[in-house]
Structures are given as C-alpha cells and as structure tokens.
Amino acid sequence: MSKHRRYQLAALLLVLVSALVRLPLESALTSDFRQQELLPEKLDTSVREKMTQQTFAASAGGMRSLIASAYELDAFGYFLQDPPRWDMIDKQYAICCQLQPRVWQYWDMHTWMLAVNAANYYATEGGAVRGAEGLMQQFYRDQGLSVCYRGIQHNPEKYRGYRQAADILVNPNPSVNPHPDFAEAAELYLQASKCADAQRPPAYPSRMLYRAHLYCLARLPHRMAEAYPKLRALFESGPQEDLPTTRTLLRKMEETLRIPLPERCLFK
Amino acid sequence: MFNFDGDGVVLRFGEDHGDSWVTGAGKSCWSSRGAMMTTLSVNAPRDAGRERTEEFWVHYQSRNRLEFSTGNCYHASMSASPSPSASAFAAATRQRTGMVAWGRRIWVLAMHTFTQLVRMKVFHFLFALSLVLFAAGFIFSSVSPDAELKMVKDAAFGTMLIFGVLFGVVSVALLLPKDMEDRTLYTILTKPVRRYEYLLGKYLGVLLVVFVSLLVLDVLASIVLQLKFNWAYQDKVETIQSMLDSGRVSVTAAEQMKVDEFAQLSQQGLRLDLHLAAVAIFLKIAVITAVALAISTIAGSTIFTMLATLCIYVIGHLQAGARESLLAPQLTHEQVHERINAGRGVKPKGWRIPMALPEAKPLTPPEPPSVLLRLASGAIAVIFPDFQVYDVVEAVVAGKDLKASAIGKMLGLSAVYLAIYLGAAVFLFAEKEL
C-alpha cells in the first residue's frame with residue numbers, strides 16, 4: 001500500500017473512530033438544548049406538500065425562521081389585496097405556524113386574520129355570495145378559534161393564547177359571535193392570568209386577565225354568587241380597580257343576588 | 001545587528017509580480033528575531049518609485065547568495081556584494097523552534113489568505129449581495145411591530161448564515177486549486193512550511209474574513225434593530241396616548257400599558273442573546289468550512305468541493321434524526337404498536353382543550369426500519385456532523401434566552417468537529433501528489 005493510501009485510510013479511520021466520542025456528545029447536547037427549547041421542533045411532513053422544493057430545502061438547511069418570515073410577508077401581501085385573499089392568507093400562515101410552532105406570533109396573526117379580520121370582512125363588506133355572509137363569518141370565526149386552540153397546545157405557557165381565544169369567545173359583535181361563551185372564556189382568562197409570563201413585573205396583564213375572568217363569571221347567572229365576593233374584593237383592593245365596568249357589574253349582581261342595602265359595597 | 005547597504009542589490013519577485021524585476025537600494029538589517037527587514041526603493045514597472053518595508057524569511061544562503069520569501073509569499077533571491085557575514089546569516093537562518101515560530105508561520109499564511117480573499121471579486125460580490133438581502137429585511141413592513149422586528153432579525157441572521165456558509169465553502173474550494181494553478185503552493189511548500197501549516201493557515205485566513213464580515217453585519221443589524229425598536233415603541237406609545245385622549249383608558253392604566261408594551265417589545269428588541277446567536281452561526285460556519293477543506297484536498301475540481309460540501313450541509317441538518325434512529329433501541333412490531341396506542345385517550349394535564357377530538361381508531365404501526373435503512377442511518381450519523389445543534393438562532397429570534405453556557409457547550413463540540421475534519425484534511429493532504 002502506498003504512503004498516500006495509508007494516509008487516506010488514516011483519515012477515514014479518524015472520522016469513523018471519532019464517532020465513538022462524537023455521537024454521545026451530540027446526543028447529550030441535543031437533549032440538553034431540546035430541554036431548554038432552543039432547538040426547532042421536528043418538521044411536520046405535511047408541511048412539505050404545502051411548500052416549494054427550494055423553500056423546503058432551505059427550511060431543512062437551518063433557515064426555517066427566515067422562510068417563515070417570507071411566508072408571513074406573502075400573507076401580508078394577500079391581505080393588502082382588494083378584496084383580501086382570505087384562503088391564501090390562511091394557507092400562508094398555516095405554513096408559518098407549522099414551520100415555527102413555538103413562535104406564538106404566527107398563531108396570533110393567523111387567528112387574528114381569520115377570526116377577526118375575515119369574519120368582520122364578511123360581516124361588513126358582504127364579500128360572500130348573497131345569503132352566505134353569516135355562514136362565512138361563522139366559518140372564519142370557527143377557523144380562527146381552532147387555530148388559536150392549536151397554538152395554545154403548542155405554547156401552553158403563554159398567556160396571550162388563552163386571552164385571544166377568550167376575546168374571540170366574548171366578542172360583543174352579534175353578527176360574528178351570536179352566542180358569546182362566557183363560561184369557557186372565564187376559564188381561559190383564569191388560565192391566562194396564572195401563566196408565568198403574565199405574572200412577570202409589572203404584572204399588569206395578570207391583574208387585567210383576572211378581572212376579565214371575574215367579568216365573565218359575573219355575566220353567568222349561575223355563577224354570580226361565586227363571582228360577587230371575588231369582584232368585590234378586587235374592587236376594594238385599591239383605587240386602580242375602581243372602574244366603570246366593575247361598578248356596573250357589582251351593582252347588577254347586588255340587585256340580582258338581593259344583597260341587603262347596608263351590605264352593598266356601592267351603598268357606602 | 002547587521003547593517004547591509006543594499007546598493008546594487010537585485011531582487012526578483014516571484015510569480016505574483018510576473019516579469020517585474022526590481023532593483024532596490026536602501027537599508028537592510030537583521031531584526032532581533034532573525035528576519036531581515038529591508039527598506040527598498042523599488043524600481044519595478046508596477047511599483048515604480050514606491051518605498052516599502054518587507055520582512056523576509058531566509059531559507060537558503062551561501063557566501064554571496066541569499067534566497068528568501070516574504071509574508072506575502074514572494075519568492076526573492078539576492079546576489080549581494082558585499083556578502084553578509086557568516087554570523088549574520090547564522091542569526092538570520094537559525095532554526096526557529098517552539099510554538100511561537102509555528103504559530104507565526106501559520107499566522108503569516110492566514111494573513112496572506114485574508115488579503116488574497118479580500119481582494120477577490122467573489123468576496124465583494126457576496127458581501128454586496130448580503131447587504132442587499134440584509135436591507136430587504138428592513139424595507140418590508142408588516143402588520144405588527146413585533147412581526148417587523150422579527151423580520152429584521154430573520155433577515156440579519158439569514159444573511160449572516162447564507163453569506164458565511166457560501167463564502168466559507170466557495171473560498172476554500174477556490175483557494176487550493178488557485179494556489180496550485182498559479183504555482184504559489186509550490187513556492188510556499190519549498191519554504192520551511194509544512195503542509196499542515198499551509199492548510200491551517202489557509203483555514204484561519206478564511207475564518208478571519210468570515211469573522212470580520214459577521215462582525216460588520218452584527219453591528220449593522222444591532223444599529224438597525226435598535227432604531228426599529230425605538231420607532232415601534234413610539235408607535236405603541238402614540239396608540240396608548242390616543243386611547244387615553246379618547247377616554248378609553250385611565251391614566252394609571254395607560255402608564256401600566258406603556259410599561260407592559262415596553263417589556264413585551266423588549267423581547268423582540270436588541271439583546272445580548274442575539275450576539276451569542278451570531279457566535280453560534282460563526283461556529284457552524286467554522287465547521288462547514290473545515291469539512292469543505294477536507295473535501296478540497298481530495299476533490300478534482302472546485303465545483304465538486306462546493307456541491308459536495310453543500311450537500312453535506314443539508315445532510316448535517318438531518319443527522320440528528322439518523323443518529324436517534326441509530327442509537328434508539330430496536331423495538332419489535334408489538335412494542336411499536338403498544339407505544340403508539342398507549343398515549344391515545346390520555347388527556348393532557350391541566351386545562352382541557354375544548355375542541356372535539358376525532359374518533360379514536362386503532363392505528364397501524366409503521367414497519368420497523370430495515371437493516372439497510374439502519375445501516376444508512378448509521379453511516380450518516382458516523383460520518384457527518386450535526387448542524388442542527390447550531391440552530392438556536394430561531395429560538396433566540398423568537399425571544400428565548402440563550403445562556404453563555406450553551407455557547408460554551410457548542411464551542412466544545414465545535415472543537416471536536418474541527419479536530420476531526422481538519423485532522424482528516426491534514427492526513428489527506430500529507431502525501432497528496434501536487
């Protein structure tokens with residue numbers, strides 16, 4: 001064997017033998033980074049069908065974030081069209097969400113586009129076939145809500161997901177949301193207020209969400225008795241909680257629950 | 001110290017200067033480190049009238065003839081009269097031993113490579129293209145300020161990655177054949193420079209260019225991100241102010257909202273973690289460049305090196321999956337079936353997702369991987385590096401904290417990779433017929 005061949009063999013052996021050291025190191029580092037949520041999630045195979053060959057290759061090549069941003073930009077382009085292409089917006093944001101499911105921003109935008117913008121568009125602009133407006137509003141509202149719930153499944157520690165779902169459920173627009181679900185929204189607001197990111201200083205979201213939870217409870221006749229002492233305690237906790245909605249709801253509950261006049265907080 | 005009046009000295013520079021003969025007149029002396037410092041008034045057609053100081057490395061001497069090379073790898077010879085004294089030659093040519101001399105040789109080669117690369121058109125082209133791509137991220141606007149800030153970061157890091165990987169691979173693929181083509185390689189290897197020193201010098205030179213370029217892009221990105229952040233926050237403040245003016249929120253609530261918005265927007269603003277993410281990108285480029293160097297030592301053409309390395313780059317991102325399939329215990333058909341159906345019907349802890357779940361149907365487990373598939377996974381895991389561990393940038397862009405310890409671990413793994421792939425390159429180049 002020539003000297004050159006021997007060196008080639010040595011190079012090959014170096015690569016192969018070093019794998020004994022390398023593989024455990026790689027495995028340890030990967031699991032450590034996955035635990036810290038630093039590494040991207042495994043790419044969903046279904047996303048391949050929705051992307052072009054090049055963008056998929058680029059995503060696999062470590063540029064998932066950039067590709068997701070490009071798809072978002074594309075979606076924004078469809079949003080600016082007149083009339084907006086809601087189907088394409090849905091499709092592009094779905095890819096963004098699949099590429100980076102841990103980035104709440106995409107779920108947030110996807111939900112907002114469908115449940116708020118698309119639903120309101122059909123409520124106000126009447127872009128659908130005549131008579132099908134209500135159907136389209138409901139469809140996009142439900143689609144948006146479904147996206148939001150999927151986002152929560154991927155990001156259960158972020159308060160914004162719960163809040164957004166609750167906001168959709170209690171949307172006061174009767175044409176988009178004819179049956180507000182205060183019971184579900186109350187649970188969602190409560191869950192949101194408990195999230196760590198809502199409780200970080202200045203802790204404004206946590207208080208606001210808890211208040212929203214109580215507002216929802218106060219609107220449910222069968223849970224008013226539970227809501228009243230809590231909302232009253234919140235009202236009496238400081239001047240910053242002396243808000244018009246709180247006062248209105250307290251007054252309504254005191255009347256509904258037949259609280260004796262001297263015991264009413266607003267009587268004093 | 002030996003003073004040498006170089007009156008009448010004739011220097012012939014090597015291939016880089018073609019047929020330009022230069023005559024020098026001026027002062028030459030041996031530096032304390034044994035190198036000959038020469039101030040020359042050059043009378044060559046190209047450099048007429050210019051004066052410059054060069055440091056020469058003496059590698060051959062006789063009574064009245066001296067051969068030496070410079071840091072710029074010019075090969076020069078000198079016929080001198082009067083000839084330098086024997087002691088001066090001895091001082092100049094004394095064998096430099098130890099790490100300092102070794103490091104110095106590599107550094108000289110690295111600096112030469114740096115200069116060579118910076119002068120190449122491919123660098124200017126790629127850097128200009130990077131700046132265009134970089135700027136594109138700042139031009140487009142999006143619906144929310146958060147999305148805009150993310151886009152700025154994505155564009156910046158995407159640019160760094162694309163530029164770094166392409167430049168690292170292309171320059172390594174070009175340098176070795178170019179040195180062979182213009183015969184610089186032969187000139188260098190006739191000097192007391194070992195082959196591995198040449199390879200390391202080239203590699204460090206490429207990395208130096210990449211490092212400086214990434215530094216420039218990082219500084220630019222930081223400035224633009226801070227500006228965008230300020231504008232975005234200003235927008236938010238104006239929105240809150242308009243809500244306050246219209247009586248929709250109280251003064252206290254408005255103040256709280258401002259603090260909250262600032263805290264939330266800061267997650268997308270300029271943070272130290274972003275610079276650490278740039279370090280992760282640099283480490284990734286260092287590894288892929290080392291792989292490219294190993295391939296270029298056996299490759300017959302530049303194109304082959306580039307294509308093969310870019311393929312390895314993509315495969316490297318799938319290596320984690322192959323490794324997991326190699327190291328995972330081999331399950332039987334029944335075990336796979338049990339595992340798949342074990343989790344079904346189990347509700348997640350905590351809050352229940354109130355969406356109607358599809359009817360549970362018994363799942364058909366996939367076939368266990370064949371022996372051939374496991375062998376292929378094994379080959380991928382053993383030969384290729386794992387590039388996915390460097391993909392922490394996405395998490396950082398999304399607002400996740402990146403600890404310095406994570407970068408430390410990444411640095412350790414990169415050192416292992418560099419030892420393997422540079423070692424392989426050294427072996428492959430050691431006895432290569434040039």
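In which helix of chain A is A:Ser193 found? A:Ser193 is found in helix α9 of chain A. The model described in this report is predicted.

## A:Ser193 and its surroundings

A:Ser193 counts as buried, because 22 C-beta neighbours lie inside 10 Å and the cut-off for a buried residue is 20 or more. Leaving aside residues up to four places away in sequence, A:Ser193 touches A:Ala198, A:Ser206, A:Leu209, A:Tyr210 and A:His213.

## The pairing of α9 and α11 in chain A

Two packed helices are described by the angle between their axes and the distance between the axes. For α9(A) and α11(A), the axes come within 8 Å and cross at roughly 160 degrees. That angle makes α9(A) roughly antiparallel to α11(A), since angles over 145 degrees count as roughly antiparallel. The crossing in which α9(A) passes α11(A) is left-handed.

On the α9(A) side, the residues that meet α11(A) are A:Phe182, A:Ala185, A:Ala186, A:Tyr189, A:Leu190, A:Ala192 and A:Ser193. Their counterparts in α11(A) are A:Ser206, A:Leu209, A:Tyr210, A:Ala212, A:His213, A:Cys216 and A:Leu217. The residues of this contact between α9(A) and α11(A) divide into 11 nonpolar, 3 polar and no charged.

A:Glu72 lies in helix α4 of chain A. This residue counts as buried because 27 C-beta neighbours lie inside 10 Å. A:Glu72 and A:Ala94 are 22 residues apart in sequence, while the distance between their C-alpha atoms is 9.7 Å.

The loop between α4 and α5 of chain A contains A:Asp82 and A:Pro83. Most residues other than glycine have a negative phi, and most peptide bonds are trans. The peptide bond from A:Asp82 to A:Pro83 is cis, with omega near 0 degrees. Is A:Asp82 buried or exposed? With 6 other C-beta atoms within 10 Å, A:Asp82 is exposed. A:Asp82 and A:Glu226 are 144 residues apart in sequence and 48 Å apart in space, C-alpha to C-alpha. The buried residues in α5(A) are A:Trp86, A:Ile89, A:Gln92, A:Tyr93, A:Ile95, A:Cys96, A:Cys97, A:Gln98 and A:Leu99.

## Chain B

Chain B has 434 residues, and buried residues make up 38% of them. Its secondary structure comes to 13 helices and 8 strands. Among the contacts in chain B with a separation of 6 or more, residues 24 or more positions apart account for 71%.

One helix pair in chain B is formed by α4(B) and α6(B). Helix α4 of chain B covers residues 145-181, and helix α6 covers residues 195-245. Their axes come within 10 Å and cross at roughly 170 degrees. The two helices are therefore roughly antiparallel to each other. The residues of the contact of α4(B) with α6(B) divide into 18 nonpolar, 5 polar and 6 charged.

## Two arginines with positive phi

B:Arg183 is found in the loop between α4 and α5 of chain B. Although B:Arg183 is not a glycine, it has a positive phi of about 65 degrees. B:Arg183 counts as exposed, because 12 C-beta neighbours lie inside 10 Å and the cut-off for an exposed residue is 12 or fewer.

In chain A, phi of A:Arg258 is near 55 degrees, a positive value in a residue other than glycine. A:Arg258 is placed in the segment after α13 of chain A. A:Arg258 is exposed, with 6 other C-beta atoms within 10 Å.

## Where the chains meet

How many residues of chain A are in contact with chain B? There are 52 residues of chain A in contact with 55 residues of chain B. The elements that give two or more residues to the chain A side are α1, α3, α4, α6, α7, α9 and α11 of chain A. α1(A) gives the most to this side, with 20 residues. The residues of the chain A side that touches chain B divide into 28 nonpolar, 16 polar and 8 charged.

Notes:
Residues numbered from 1 in each chain as written. Chains lettered and ligands numbered in written order. Predicted model: local features only at pLDDT ≥ 70, side-chain atom pairs only at ≥ 80, totals over all residues. Contact = placed C-beta atoms within 7 Å. Helix = DSSP H or I, 4+ residues; strand = E, 2+ residues; numbered from the N terminus. Nonpolar A, V, L, I, M, F, W, Y, C, P; charged D, E, K, R; others polar. Axes fitted to C-alpha atoms, helices over the stretch in contact; angles between N-to-C directions. Parallel < 35°, antiparallel > 145°, perpendicular 65-115°, else oblique. Left-handed = near helix turned anticlockwise from the far one by under 90°.
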